[in-house]
Amino acid sequence: MLLCEIGTAAGWGNFLISFFLPLKVLIDTNIFLLGPVVITLPLIIIFTGRAVGGLTGGNISVANAYIADVTDDKDLNRNFGKMSVAANLGFIAGPALSGILGGTSLEEMLPVMAALLISISAIFVILFFLKDSKLCLLRKVPAVRRFRKFWDTKIKSALSSTA
C-alpha cells in the first residue's frame, strides 16, 4: 500500500513540477492523419508522472485486500460497504473539489497541489498509523527457502488434485 501511495505522490509531484518548466518545444511535426503535433518539455514530464502513477496504481485493490485481512468474518460486508461508499464519494467529491480549487487565482495548479498534499498525508498515515495485516503467508516460511517452499506447495497441491 505504501508503494502505491508513494507512486501516486510521485506522479502528482511530476505534474506540479511541469508547471514551473519552460515551454520548450521538443517535437513539432505535421502528421498526415493527425495534423499538427507539438510535444513540449512539460508535456513529457506530465506523461512521465502519469506513467509512474499508473505503474504503481492499485491503491483501492490493495486497500480491499488489507480490509479482507484485518476484518473478522462478521464485519466483512460492512467494512467492504464502507470502502465502496468512500471510493464512490471520492469519485463525486474529487472532481467537484478540483473544479472549485481550479477557479481560484492559482487556476489548475491548486488542484494538483491539493492532490499532492492529500497523497503525502496518506503516506504518513500509512507509515505511522496503519497496523500490519495479521495475514502474511510468507512470514510462516524461513527466509532462505521462502519462495521455493511456497511454490513447491502450490505445485504439489495442484498435481495431487489432478491425479
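Colleague: To begin, is E107 buried, partly exposed or exposed?

Modeller: E107 is partly exposed, at a relative accessible area of 44%; buried means under 20%, exposed over 50%, and partly exposed in between, with a 1.4 Å probe and protein chains only. This is a predicted model, in which local features need pLDDT of at least 70 and side-chain atom pairs count only at pLDDT 80 or more, while totals for chains, interfaces and linings use all residues. Residues are numbered from 1 along each chain as its sequence is written, and side-chain values use heavy atoms, with hydrogens and water left out.

Colleague: Where does E107 lie?

Modeller: E107 is in the loop between helix 4 (76-102) and helix 5. Helices are DSSP runs of H or I with at least four residues, numbered from the N terminus. E107 is not a glycine, yet its phi is positive, about 50°.

Colleague: At what angle do helix 1 and helix 5 pack?

Modeller: The angle is about 155°, and the axes of helix 1 (residues 2-18) and helix 5 are 9 Å apart. Axes are lines fitted to C-alpha atoms over the stretch in contact, and angles run from 0 to 180 degrees between N-to-C directions. Helix 1 and helix 5 are therefore roughly antiparallel, a term for angles over 145 degrees. Their crossing is left-handed, meaning that the near helix is turned anticlockwise from the far one by less than a right angle, whereas clockwise would be right-handed.

Colleague: And how do helix 3 and helix 4 cross?

Modeller: They cross at roughly 160°, and the axes of helix 3 (residues 59-70) and helix 4 come within 10 Å. That makes helix 3 roughly antiparallel to helix 4. This crossing is right-handed.

Colleague: Changing topic, how many salt bridges does the structure hold?

Modeller: It holds one salt bridge, that is, a side-chain nitrogen of Lys or Arg within 4 Å of a carboxyl oxygen of Asp or Glu. The partners are D75 and R78, at 2.7 Å from N to O.

Colleague: Which of those two is buried?

Modeller: D75 is buried, with 19% relative accessible area, whereas R78 is partly exposed at 46%.

Colleague: Lastly, where is V125 found?

Modeller: V125 belongs to helix 5 (residues 109-128), and it is partly exposed, with a relative accessible area of 44%.

Key. Helix = DSSP H or I, 4+ residues; strand = E, 2+ residues; numbered from the N terminus. Parallel < 35°, antiparallel > 145°, perpendicular 65-115°, else oblique.
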